[in-house]
Amino acid sequence: MRNNLVFILIIFVLLCTCKNNSKISHYGSEWSNNFQIRRGINISHWLSQNPDKSENRKQFFTKEDTEIIARLGYDHVRIPVDEEHLWDENGNRMESSFSMLQEGIGWCLDNDLKVIIDLHQIRSHTFNNQNNLLWTSKPAQADFIQMWLSLSNEFSKYTVKDVAYELLNEAVADSSSQWNNLLKITIDSLRKYEPERKIIIGSNRWQSPDTFDELIVPENDSNIILSFHFYAPHAFTHYRAPWMTSGIYTGDVKYPGQVVEKRDLIGYPDSIVKPLRESNGYYTKDTLQKIMKEPIRYAQDHHLQLYCGEFGAMPTVRRGDRLAWYTDVRTIFEENNIAWSNWDYKGALFGIHYPNGQVDEYLVKALIPDNKPREQK
């Protein structure tokens, strides 16, 4: 995988040739139905964002979990995977990880759950790093493309109706053109081997709804799914998040309505108040839908399936407010034909599955109100 000089030169030439791509014209037909999804869930912290690379991972995600997910009414899972779980620093395959992933996909398919393989973090790019090597290093870009060719070789045995690929979680490039160029080259490389595989892509800067107009979709490719992530407003969904500066704020928050009242900010330093003000405001279902307006329009204009690959609110807010937010977001998705995957299954902060093995039935009800088990094989 590493430092193949010829391959790097080829990539460099390709990068230079795609600088002047223009945005795609409308497609002549609606998005194809070979990968039908409606509602899914993320299997986070298994083969991604997990410092443990031992056999203990086998206990985190099991066959029983796929049975529970299917029984709750989900129809697909999004599986984040990190480079460091799949290949060591010398580019050698970590066979135990590939074996777990293959086994997990098999369990999902046995329970009629479709699978999205999401390349979540790589050594040259993480979504919380502003100095990602991926955008400035030709060898890093060559490695990225080769990673996907290797993953394609590994997973192309699955039908296009069952498995899709998400190229990179929450790209954070200095400019959208850098991400658009790398997208084109990577997709062109994959299409030589898998022309019908669904490939999921989002816009630059965390797949935010407000950057969708900067995304360039490959021309004449109907097997693309457009993806955005939704955590608005952050002052509410990430209330008291320990990794955020604003997490120190312990005053009141609410939804719907004014998320944070001005009087509740008195006494907090500017370093806390500023990020809260940036995502503060009066929020209702209509407000949330307006934030999603650009992805909805963009997908309609391009006749492509729209997907929200991540959304969620932490349980640090009032229970009723949290369920109201989930209900409104899910309803917007349904009303606009947006498939979705909530974050997440067993995560400590957003999960529907408690550490004691119980499922948060009220949260599931907000997400899947019919909650009717699908017929099992």
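**Helix packing**

I began with α6 and helix α7 (residues 176-191), whose axes come within 10 Å and cross at roughly 30°. The axes are lines fitted to C-alpha atoms, for helices over the stretch in contact, with angles from 0 to 180 degrees between N-to-C directions. Helices are DSSP runs of H or I with at least four residues, strands are runs of E with at least two, and both are numbered from the N terminus. I noted the crossing of α6 and α7 as right-handed. Right-handed means that the near helix is turned clockwise from the far one by less than a right angle; anticlockwise is left-handed.

I listed the contact next (heavy atoms within 4.5 Å). From α6 come Gln141, Phe144, Ile145, Trp148, Leu149 and Ser152, and from α7 come Leu182, Ile185, Thr186, Ser189 and Leu190. I sorted the contact of α6 with α7 into seven nonpolar, four polar and no charged residues. Ala, Val, Leu, Ile, Met, Phe, Trp, Tyr, Cys and Pro count as nonpolar, Asp, Glu, Lys and Arg as charged, and the others, Gly among them, as polar.

The model is predicted: local features need pLDDT of at least 70, side-chain atom pairs count only at pLDDT 80 or more, and totals for chains, interfaces and linings use all residues. Residues are numbered from 1 along each chain as its sequence is written, and side-chain values use heavy atoms, with hydrogens and water left out.

I then took helix α5 (residues 95-110) with helix α6 (residues 138-155): the angle is about 50° and the axes are 12 Å apart. α5 and α6 are therefore oblique to each other. Under 35 degrees would be roughly parallel, over 145 roughly antiparallel, 65 to 115 roughly perpendicular, and the rest is oblique. This crossing of α5 and α6 is also right-handed. Phe98, Leu101, Gln102 and Ile105 in α5 meet Leu151, Glu154 and Phe155 in α6. That contact has five nonpolar, one polar and one charged residues.

**Pockets and cavity**

I searched a 1 Å grid over the protein atoms alone: a cavity is a set of points where a 1.4 Å probe fits but cannot get out, a pocket is an open set with protein on both sides within 12 Å along at least five of seven lines, and lining residues have an atom within 4 Å of a point. Points are joined across faces, edges and corners, and a volume is the space filled by probe spheres set on them.

The largest pocket has a volume of about 1100 Å³. I found 32 residues in its lining, with Glu170, Trp206, Tyr231, His234 and His238 nearest the centre. The lining of the largest pocket divides into 15 nonpolar, twelve polar and five charged.

The second largest pocket holds about 230 Å³. Its lining includes His234, Trp243 and Pro275. α9 (270-278) and α8 (234-237) each supply at least two residues, and α9 gives the most, with three.

One cavity of 30 Å³ or more turned up in the whole structure.

**Backbone**

I checked the peptide bonds. Ala232 and Pro233 are joined by a cis bond, omega about -10°. Pro233 sits in the loop between β6 (224-230) and α8. Tyr255 to Pro256 is cis too, with omega near -5°. I also marked His45, not a glycine, for its positive phi of about 60°.
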